[in-house]
Amino acid sequence: MRFAKLAAVYKQLSASQRKRLSRYLRSPYFNEPPTALALFNYFESLPPTLPAPQLQPAAIARHQPLLKTPYVQNKASTLLLKAISRFAALEHWQQQPHQQRLNTLSGLKQIHWFEQYAQLYAQTNREYLSQPGNSLEHYQLQHYLTETHHNGLDVKFTGNRTQSIQPVTHTLDVYYAIKKLRYLCEQAGRSYSATNNFNPTEAACLLQLLQPYCNRKHPYVFLMVNLYHLLTSPLYPGSIHHYKQVKKYILQHSTPPLTPAVTEAINLLRHYCIKWSNRGVAEVYPEYLWNVSFMIEHRLFENHGALDPVVFSNLFNVAHKITCPPAQMQQFITHLSPLLADKHRKSRIAYANGIYNFALHRFTDAAAAFNTIDVKSDSTFTALAKRWYFKSTFESRPYTPGLDAILAAYERYLNRHTEIPEIPLRQFKEFAKYARKLLGAFHPHEKKNLIHELNHTQPFAGKDWLLEKLK
C-alpha cells in the first residue's frame, strides 16, 4: 500500500486529535510545509479506510494542486510524518503541567523578567509543593525549582554568589533516591526471582536517605518503600505487613481521580500477587482478583492504552484457582478482551475460553481451545496452554490411550525451549514429572505413595489438580 507508514499513523489518531493536528499544521507560528498540510487535507477528504486507488499519484494530483508529481507527494508524506512527530511532542508537553511551569520559569529568566519569575516561583511553590508528594514528578519539580532558584543572573545581581547550593544537591539526592527505588520496585515486579540483580548496599543507602520521608506526609515515598520491601522479600510471611500497609492506603485514597502514587502502587501490587500465586500461596488468589477488579472499576486498563496480555491470562489462572463463577469469567472476557492488542487477542481469548469451559466441565471444548494456542514469540505462554491442554484432555477421558503421547510432546517442548525463565520452567517440568507418575498409578497403594510424595514437595502450579485426581 502506498503511504503505508503514514496511513498507519493517521489511522491511530482520534477524531479530536486530527482536529488539533489540522490547527497545528495551519498555524503560521510552527511554519510547517504547505505540502504536508495539502496531503493531510487530502487524507481528511477520503473514507477512513484510505482506499488504495485514491492514494495513487494521479488521484492525488487531481485534487491537490500542490501535489502534482509522485516525487512531491512522497516528499510531502515524509514532511507530514515529521510534522506529526513534532505535534505529538507538543501534545505531550501540554499534558505535563509541571514541565510547562518549569519551562516558563526558565524562559522568564532568559528574558531577564525577574520580577515575574519571583511571583511565578512563589505561586508554583504554593500550588504544587505545599501538597503531599503524590508522584515522582513532585520530587523532580522540587529539585528543578530549587536548581532554578539558585542559578542565573538574578542570583548574581542580588549578591548571593556565595550562598550554599546544598539545597540543590539535597533535593537531587532525594529525587534520585526515590526514582532509583521506583525502578528497583519495577525490576522486582518484572522478575521471576525478586532477589536477583540487587545490590543490598545500594538499596540500604537509598532507604536510609529516604527514611525521613517514609510517612503519610510523603505518600509516594511511603508507598515505594513499602512496595520495595514486599516485592523483594524472599519469604511470603515477611511481606504481609508491607502489603497490608499499601493496600490500606489504596483503599483510603480510592476516590477518583486517583493520584499517580495509587495507580503505580496498584500495578506493582499485581506483580506481587502473581509472584506468590505462581508459588502456590493460596492467600493471594483473591488479592489478585481484587487488584484487577479495582483496575476495571477505575478504568485503569483503558488509560494504559492496551491491556498487558500476561495480566489477562493471569486473571483467568487465578479466577480458576478460587473457583470464580463462570459467569464472572465471561464478564471479564467481554470487558477486557477488546483492550488487548490485535496480535495477542486471538490467542489470549482462546486461553480464557479454555479456562471458562474447564470451569463449566466442558472439558472437550476446553481442550480444543487450548490446542489452538501456539505462540512462537512466547514459549512460556504456549507451555502454559499445553499444560492446560493435557489437564483438559485427561478430564475428558481419564487414563485413556493417547494421554502419554500428549505428555511426551509437552516434555519435548519444555526441553527444546530453554529460553523459558528458570522458575516457570522448573514448575512446568515438575508438573510433567508428576503427571507421568499419575498416568502410571493404577493401584491404590501406588496412588497413596504418590500422594505422600506430592505432599512433601514444594508448591508448584498444577500440584492441587494432581492431588485431586489421585484422591
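This is a predicted model: local features need pLDDT of at least 70, side-chain atom pairs count only at pLDDT 80 or more; totals for chains, interfaces and linings use all residues.

**First stop: two helices side by side**

Select helix H17, residues 309–321, together with H18, and you will find that they pack at an angle of about 170 degrees, with their axes 11 Å apart. Angles over 145 degrees count as roughly antiparallel, and H17 and H18 are therefore roughly antiparallel to each other. To see where they meet, show the side chains of Phe312, Leu315, Phe316, Ala319 and His320 in H17, which are in contact with Met329, Phe332, Ile333 and Leu336 in H18.

Now stay with H18, residues 326–336, where Met329, Phe332, Ile333 and Leu336 are buried. Looking down the axis of H18, you will see these buried residues fall within an arc of 100 degrees, so they line one face of the helix. As a rule, an α-helix has 3.6 residues a turn, so residues three or four places apart point the same way. Turn to the face of H18 directed away from its buried side, and you will come to the exposed residues Ala327, Gln331 and Thr334.

**Second stop: charged pairs**

Begin with Arg86 and Glu32, whose side chains meet in a salt bridge at 2.7 Å from N to O. Arg86 lies in helix H5 (residues 70–94) and Glu32 in the loop between helix H2 and helix H3, so the pair ties together parts that are 54 residues apart in sequence. Is Glu32 buried or exposed? Glu32 is buried, with a relative accessible area of 9%, whereas Arg86, at 40%, counts as partly exposed.

Next select Lys180 and Glu202, which form a salt bridge of 2.2 Å, N to O. This pair links helix H10 (residues 166–190), where Lys180 lies, with helix H11 (residues 200–210), where Glu202 lies, across 22 residues of sequence.

Then move to Lys437 and Glu453, whose closest N and O atoms are 2.7 Å apart in another salt bridge. Because Lys437 is in helix H23 (residues 422–440) and Glu453 in helix H24 (residues 444–455), the pair ties together parts that are 16 residues apart in sequence.

Which residues touch the most other members of the largest nonpolar core? Among its 109 residues, these are Leu227 and Phe390. Select Phe390 and, setting aside residues up to four places away in sequence, look for its contacts with Leu403, Ile406, Leu407, Phe431, Ala435, Leu439 and Trp465. A second, separate core consists of 26 residues, including Tyr10, Ala36, Phe43 and Leu67.

**Last stop: a histidine in a loop**

To finish, select His417, which is found in the loop between helix H22 (403–416) and H23. His417 is buried, with a relative accessible area of 19%, and, leaving aside its neighbours within four places in sequence, His417 is in contact with Ser379 and Leu425.

Notes. Residues are numbered from 1 along each chain as its sequence is written. Side-chain values use heavy atoms; hydrogens and water are left out. Buried means under 20% relative accessible area, exposed over 50%, partly exposed in between (1.4 Å probe, protein chains only). Helices (H or I, at least four residues) and strands (E, at least two) are DSSP runs, numbered from the N terminus. The arc is that of the directions from the helix axis to the C-beta atoms. A salt bridge is a side-chain nitrogen of Lys or Arg within 4 Å of a carboxyl oxygen of Asp or Glu. A nonpolar core is a set of buried Ala, Val, Leu, Ile, Met, Phe, Trp, Tyr and Cys residues joined through side-chain atoms within 4.5 Å. Contact means heavy atoms within 4.5 Å. Axes are lines fitted to C-alpha atoms, for helices over the stretch in contact, and angles run from 0 to 180 degrees between N-to-C directions. Angles under 35 degrees count as roughly parallel, over 145 as roughly antiparallel, 65 to 115 as roughly perpendicular and the rest as oblique.
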